[in-house]
Amino acid sequence: MSSSKYILITIVLCGVTTLLSRVIPFVLLKKFSLPPKLVEFFSFVPIVIMAALWFSNLIIARPGHLPEFNWQYVLASLPTFVAAVISKSLLVIVILGMISLAVLRLI
Amino acid sequence: MDGYLTKKSAFKEALPTIFGYIGISIAFGIIGKASGFSIIEVSLMSLIIYAGSVQLTTLNMLVAGSPIVSIVLAAFLVNSRVILMSTTVAGYLKQENLKRNILIGTFLTDESFALGMNKINYTNGKLNFTWFNTVNIISYLTWQAGTLLGAILGGFITDPKKLGLDFAIVAMFIGLLYLQVLGDKNLNKVLQIIVVLISFALTYLLTIVLPANLVVIVVTLIGCSLGMVLKHVFF
């Protein structure tokens, strides 16, 4: 198989995979209702996912050992969090976050 | 953020996330180009896959020459958290027809999900097609524009890290988490903070034993279950 064909097939199959993960729950839930227990479970999904995505970015996996911290990211998270508390605006938070890290890297 | 589910408020509320998307998609474009892919291949990844974490994984594995089956499996695992998000959002759009539901699902992302979850705190738990679709379209177009721009810039910028571009997505997660905890009127604040701390701890511990791709999804399953238990026992 040529290299560009390999790349193209992979991209299309990965696209189908992400599409199905996104769409199937919508199709199924049109027919069925979620039990109340599951609704309650899902009420925790946003905070748990965001917390996990944030924290997983702060650590560097070393399989079988304790993860290392990415100290630049940890430190840059502090002013970013303060920006969140003060501004409550995503735009300000993202820009300040990027500036924080860029400045940290200069030091 | 306001209580209206119109195109106008969707546009206004999606604007800040554009900067998150731009940062990440430009970074992706630059990385893709720097990894030896053509501008067309890099753009196709964004057009067809449209999931930052999956695209980065796919990129890495393509460079390594991994078998297609394992790349697709990795894509599924990396993206599996989207199943939870779709399921959550679908619960709010049952009043819309199937075609509209499929459209919303097709373009759902971490950020439009989080924005939607913040939005329901202002709309008495309501979402509709118009609002969500507008957010999704803006996000998709921004993602494509950013990727293309990044792929073109990729020939010139040697170090995107210098600009702090790689932190845009982390900053976005921090902001979205904070705004979510602040805006959620249904769950007790102390409970939410405890659940967030538990999620941190779980992420740290599970990173020791699980491949990075699985950590977020397993943390989500355990974290939400523990949240439910805590809510019933203490709150």
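At roughly what angle do the axes of helix H3 and helix H4 of chain A cross? The legends below take up this point and others in a predicted model.

**Figure 1. Helix H3 and helix H4 of chain A cross at roughly 140°.** Helix H3 of chain A covers residues 45–58 and helix H4 of chain A covers residues 71–87, and their axes come within 9 Å.

**Figure 2. A:Ser77 in helix H4 of chain A.** A relative accessibility of 3% places A:Ser77 among buried residues, because buried means under 20%. Residues up to four places away in sequence aside, A:Ser77 touches A:Trp54 and A:Leu58 of chain A, together with B:Phe167 and B:Ile174 of chain B.

**Figure 3. The interface between chain A and chain B.** In this view, 70 residues of chain A are in contact with 95 residues of chain B. The two chains bury about 7500 Å² between them, and 80% of that area is on carbon and sulfur atoms. On the side of chain A, the residues that lose the most area to chain B are A:Arg22, A:Phe26 and A:Leu90, which together account for 11% of what that side buries.

**Figure 4. A:Gly15 in helix H1 of chain A.** Helix H1 of chain A spans residues 3–31. A:Gly15 has a relative accessible area of 6% and is buried. When neighbours within four places in sequence are left aside, A:Gly15 is in contact with B:Ile48 and B:Ile49. From C-alpha to C-alpha, A:Gly15 and A:Pro36 are 32 Å apart in space, with a separation of 21 residues in sequence.

**Figure 5. B:Gln192 in helix H9 of chain B.** Helix H9 of chain B runs over residues 189–209. With 0% relative accessibility, B:Gln192 counts as buried. Neighbours within four places in sequence aside, the contacts of B:Gln192 are A:Ile47 from chain A and B:Gln180, B:Val181, B:Asp184 and B:Leu187 from chain B.

Figure 6. B:Tyr50 belongs to the loop between helix H2 (39–49) and helix H3 (52–64) of chain B. Its relative accessible area is 4%, and B:Tyr50 is buried. B:Asn124 is exposed, at 74% relative accessibility, whereas B:Tyr50 is buried.

**Figure 7. Helix H5 of chain B and the cap at its N-terminal end.** Helix H5 of chain B comprises residues 98–106, and the buried residues in this helix include B:Asn101, B:Ile104, B:Gly105 and B:Thr106. The N-terminal end of H5(B) is capped by B:Asn97, which has a side-chain oxygen 3.2 Å from the backbone nitrogen of B:Lys99.

Terms used
Residues are numbered from 1 along each chain as its sequence is written. Chains are lettered from A and ligands numbered from 1 in the order in which they are written. Side-chain values use heavy atoms; hydrogens and water are left out. Axes are lines fitted to C-alpha atoms, for helices over the stretch in contact, and angles run from 0 to 180 degrees between N-to-C directions. Helices (H or I, at least four residues) and strands (E, at least two) are DSSP runs, numbered from the N terminus. Buried means under 20% relative accessible area, exposed over 50%, partly exposed in between (1.4 Å probe, protein chains only). A polar contact is a pair of N or O atoms within 3.5 Å; within protein, one must be able to donate a hydrogen and the other to accept it, and residues adjacent in sequence count only if both atoms are side-chain atoms. Contact means heavy atoms within 4.5 Å. Buried area is the accessible area (1.4 Å probe) that two parts lose on being put together, summed over both.
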